[in-house]
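Subject: Structure handover

Hello,

Here is the structure you will be working with.

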Amino acid sequence: MNIHEYQAKGILQRLAIPVPRGRIAVTPEEARTIAGEIGGACVIKAQIHAGGRGKAGGIKLAASPKEAEKGAGEILGKRLVTPQTGPEGRRVKRVLVEEAFAIAKEFYLGMTLDRSLSRFSLIASAEGGVEIEEVAQRSPEKILKEVIDPAVGLLPFQGRRLAYGIGLAQGQVAAMVSIAQGLFRACLEYDCTLAEINPLVLTAQGKLFALDAKMNFDGNALFRQPEIVALRDTDEEDPREVAASQFGLSYIALDGSIGCMVNGAGLAMATMDIIKLCGGEPANFLDVGGGASKDKVVQAFKILLSDRRVQGVLVNIFGGIMRCDVIAQGIVEAAREVGIKVPLVVRLQGTNVELGREILSESGLTIIPAETMAEAAEKIVGAVKSSRVKGIKE
């Protein structure tokens, strides 16, 4: 789960990490008022769940409250398109109005979960304000890293080593250590998988501030983080993914044309791979889980078909805990309720498979059966291509 920059900065403040003064505005008039409260000169920043806002015109400098009002008016309601939003972009509903600083230097500081080591790592670089991935590719030697032992936590000497490594003077080292320890606390207390400050700026007065902040949270730990769940902005998420989460379905939208409904994450990944191997492109990852009910299957179909790019559907189910006859009945009910107008290939194996196939064959619906994964993938890819050709001829 992601949150907005202003929300992440609120968490940083609680952890004693310095952030600029500022507040959220939803109208240009509010931006003008806030700018006056913080001294006039300010920065107007679009609040969306995506990076690259500056290049897309989502960040503006203002020298006065009047300019702040004008800048906010140019951003609010605008649809920002960045590399992380996709071509559809995201509409800006709020801006963060913050005090402006005279910046002497920009750094990068982030705490991330290193899954290869099963430990948190503190990462720092003297090159802040740009994507850390760019720095890693261009100048990997400028990425400094401290792996944290979970038994003892982040030790002060690790923070000091990074501070000197990125060129901070002795007078700023203690502040750097404090900020690093605050990020580590954020990961522990709020179940962050990423807590990033980019840039961490050194002002002309020699103070360190978190000028931008990004936080990601472990979705599996949200049950114990009600305060974080309350920060969720579903307007920034794919509506299909939001609907799927409400029914306990694991759904991720992709860019292809073949909708996939599978039980089990491993089988779902293998299904997407074999679709690509056969020349198709999956439109989604959708895991209905090991114990899905008929209602869940119906909802899964509705979510799949709400994607206009879907030109065919492949259902690939291995019946273990989930019985094939239950899935078959759900498929039939969903097809009748939703009115499937695209090719549908169903491959069932496992518990009650013969009964499931019988339900499908007697349904009177146009369902293409398949025995193996390879056969299922070949059939759905072929059916989608045939329907395209037919559509062009018509």
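Is Arg 32 buried, exposed or partly exposed? Arg 32 is partly exposed, because its relative accessible area is 39%, where buried means under 20%, exposed means over 50%, and partly exposed lies in between (1.4 Å probe, protein chains only).

Two notes on how to read the rest. This is a predicted model, in which local features need pLDDT of at least 70 and side-chain atom pairs count only at pLDDT 80 or more, while totals for chains, interfaces and linings use all residues. Residues are numbered from 1 along each chain as its sequence is written, and side-chain values use heavy atoms, with hydrogens and water left out.

Overall picture

The protein has 13 helices and 18 strands; helices (H or I, at least four residues) and strands (E, at least two) are DSSP runs, numbered from the N terminus. Its C-alpha atoms fill a box of roughly 80 × 50 × 40 Å along the principal axes. Of the 394 residues in the protein, 48% are buried. Among contacts (heavy atoms within 4.5 Å) with a separation of 6 or more, 68% are between residues 24 or more positions apart.

Around Arg 32

Arg 32 sits in helix α2. Leaving aside neighbours within four places in sequence, Arg 32 is in contact with Pro 65, Lys 66 and Glu 69. Glu 189 is 157 residues from Arg 32 in sequence, and their C-alpha atoms are 36 Å apart.

The sheet

An open sheet is formed by 4 strands in the order β1-β6-β2-β3, with antiparallel pairing; two strands pair if DSSP finds at least two bridges between them. At the edges are β1 (22-25) and β3 (59-62), each pairing on one side only. From one strand to the next the twist averages 20°.

Axes here are lines fitted to C-alpha atoms, for helices over the stretch in contact, and angles run from 0 to 180 degrees between N-to-C directions. Helix α1 (residues 5-14) lies across β1, β2 (42-46) and β6, at about 50° to β6.

The cores

A nonpolar core is a set of buried Ala, Val, Leu, Ile, Met, Phe, Trp, Tyr and Cys residues joined through side-chain atoms within 4.5 Å. The largest one has 42 residues, and those touching the most other members are Ile 11, Leu 12, Met 111, Met 176, Met 215 and Phe 217. Helix α6 gives the largest share, 10 residues.

Leaving aside neighbours within four places in sequence, Met 111 is in contact with residues including Phe 120, Leu 154, Phe 184 and Thr 193.

A helix pair

How far apart are the axes of helix α11 and helix α12? The axes of α11 (residues 324-339) and α12 (residues 353-361) are 7 Å apart, and the two helices pack at about 15°. The pair is therefore roughly parallel; angles under 35 degrees count as roughly parallel, over 145 as roughly antiparallel, 65 to 115 as roughly perpendicular and the rest as oblique. Among the residues that meet are Ala 328 and Ile 331 in α11, with Leu 355 and Ile 359 in α12.

Regards
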